[in-house]
Amino acid sequence: MFARLTSAFAFACLISGTTLAADTKVTDPQIAHIAYTAGVIDIEAAKQALKISKDKEVISFANDMLRDHEAVNTQALDLVKKLKVTPEDNDTSRALMKAATEEREKLSKLSGADFDKAYVANEVAYHKQVNGALESLLIPSAKNAELKDLLETGLKLFQGHQQHAEHVAAMMK
Amino acid sequence: MIHKLSLGAVCGLAVMLAVPSAQAETIRITIDKLVFSPAEISAAVGDVIEWQNNDVMAHTATAKGEFDVVIPPKKTATLTVSKAGTFDYTCRFHPNMKARLQVRQ
């Protein structure tokens, strides 16, 4: 299931408002899938940045993203295995992936400072978007306490990444 | 008798004064779910600060221009305090992690 996910690239900037509306009902298997997908998207974005960027700060930031999200996704996989939950693909995951693929295609046409600026700006926007989804939808909907706990840690991590990305963006100006 | 007692008290005081500089303390800070705990600690010059990282991701304890300690996941890292002052520090990777170290002479 996750092998399929890793073949889809890039990261999301736009998640349709309707997809993440507060009245959307999501189950724990769907939440697990969305959280994992959000991590995979940022890992793929980081890999793209490591291929294209020549900027020391951007490369360092991308490496931080890669390391953190791989660590958290490993933890997420361990948890779903333990809970015997099979992550389930859903509209939110698909919307995230679609937006991410489009964004990555857009970025692939850029290079140098143009790429760096666009990558970092999108990292800020993407983390902000995921934080919104975690706070308004995923955390309140999660039934299992351990899953909720992992999502809460994930929120703190994504908030940290957002601030980190904002610092990098400010330095580039 | 009184004389003897006061002499004992003076000796005791001298020993007490000598102890802090000779025996540095180790102060432990835990990092769990991106939170430094306790968030504020007080130490003396010469003390050792030990951060224990319980998270799956790496963190740092960084005060710009003062110290920068990397704490790998599930590991500990230490810093020997060499300067008095108040140091607000953060994690370089996660700037929302904030804590304070107060160091007395």
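**Pairing of S4(B) with S7(B).** Two strands are said to pair if DSSP finds at least two bridges between them. In this predicted model, strand S4 (residues 48-53) of chain B and S7(B) run antiparallel and are joined by five bridges. One residue of S7(B), B:Ala77, is the bridge partner of B:Trp51.

**The open sheet of chain B.** Four strands of chain B make up an open sheet in the order S2-S1-S4-S7, and their pairing is mixed. S2 and strand S7 (76-80) of chain B stand at the edges; each has a single partner strand, so one side of each is left without a neighbour in the sheet. On average, and with direction ignored, neighbouring strands of this sheet are turned by 25° against each other. Strands of a sheet pair through backbone hydrogen bonds, either parallel or antiparallel.

**The hairpin of S5(B) and S6(B).** Strand S5 (residues 59-63) and strand S6 (residues 67-71) of chain B pair in the antiparallel sense, with five bridges. Within this pairing, B:His59 stands opposite B:Ile71 of S6(B). Three residues lie between the two strands of the hairpin, and B:Gly65 in the turn has a positive phi of about 75°.

**Two loops of chain B with backbone features of note.** Most residues other than glycine have a negative phi, and most peptide bonds are trans. The loop between strand S1 (26-32) and S2 of chain B holds B:Lys33, whose phi is positive, about 50°, although the residue is not a glycine. B:Lys33 counts as partly exposed because it has 14 C-beta neighbours inside 10 Å, and the class of partly exposed residues lies between exposed, at 12 or fewer, and buried, at 20 or more.

**The loop between H3 and H4 of chain A.** A:Lys84 is found in the loop that lies between H3 and helix H4 (91-108) of chain A. The phi of A:Lys84 is near 55°, which is a positive value in a residue other than glycine. A:Lys84 is exposed, because 6 other C-beta atoms lie within 10 Å.

**The surroundings of A:Leu110.** The loop between H4 and helix H5 (112-141) of chain A includes A:Leu110. Once neighbours within four places in sequence are set aside, A:Leu110 is in contact with A:Phe115 and A:Ala118. A:Leu110 has 14 C-beta neighbours inside 10 Å and therefore counts as partly exposed. From A:Leu110 to A:Lys173 the C-alpha to C-alpha distance is 18 Å, with 63 residues separating the two in sequence.

**Chain A as a helical chain.** Chain A has six helices and zero strands, and its pattern along the sequence is α-α-α-α-α-α. Of its 173 residues, 45% count as buried. Among the contacts in chain A with a separation of 6 or more, 85% come from residues 24 or more positions apart.

**The side of chain A that touches chain B.** Contacts between the chains involve 14 residues of chain A and 11 residues of chain B. On the side of chain A, helix H3 (56-83) and helix H6 (145-172) are the elements that give two or more residues. H6(A) gives the most, with eight residues. By class, this side of chain A has three nonpolar, seven polar and four charged residues. For the complex, the predictor gives an ipTM of 0.81 and a pTM of 0.81.

**Confidence along the two chains.** The average pLDDT of chain A is 88, and 86% of the residues score at least 70. Among the elements of chain A, helix H2 (residues 28-52) has the highest mean pLDDT (97) and helix H1 (residues 2-6) the lowest (35). The pLDDT is below 50 over residues 1-19 of chain A, a stretch that has 50 contacts in the model beyond near neighbours in sequence. Chain B has a mean pLDDT of 86, and 79% of its residues reach 70 or more. Over residues 7-19 of chain B the pLDDT stays under 50, and the model has zero contacts beyond four places in sequence for them.

Definitions and conventions:
Residues numbered from 1 in each chain as written. Chains lettered and ligands numbered in written order. Predicted model: local features only at pLDDT ≥ 70, side-chain atom pairs only at ≥ 80, totals over all residues. Contact = placed C-beta atoms within 7 Å. Nonpolar A, V, L, I, M, F, W, Y, C, P; charged D, E, K, R; others polar. pLDDT = per-residue confidence, 0-100. Axes fitted to C-alpha atoms, helices over the stretch in contact; angles between N-to-C directions.
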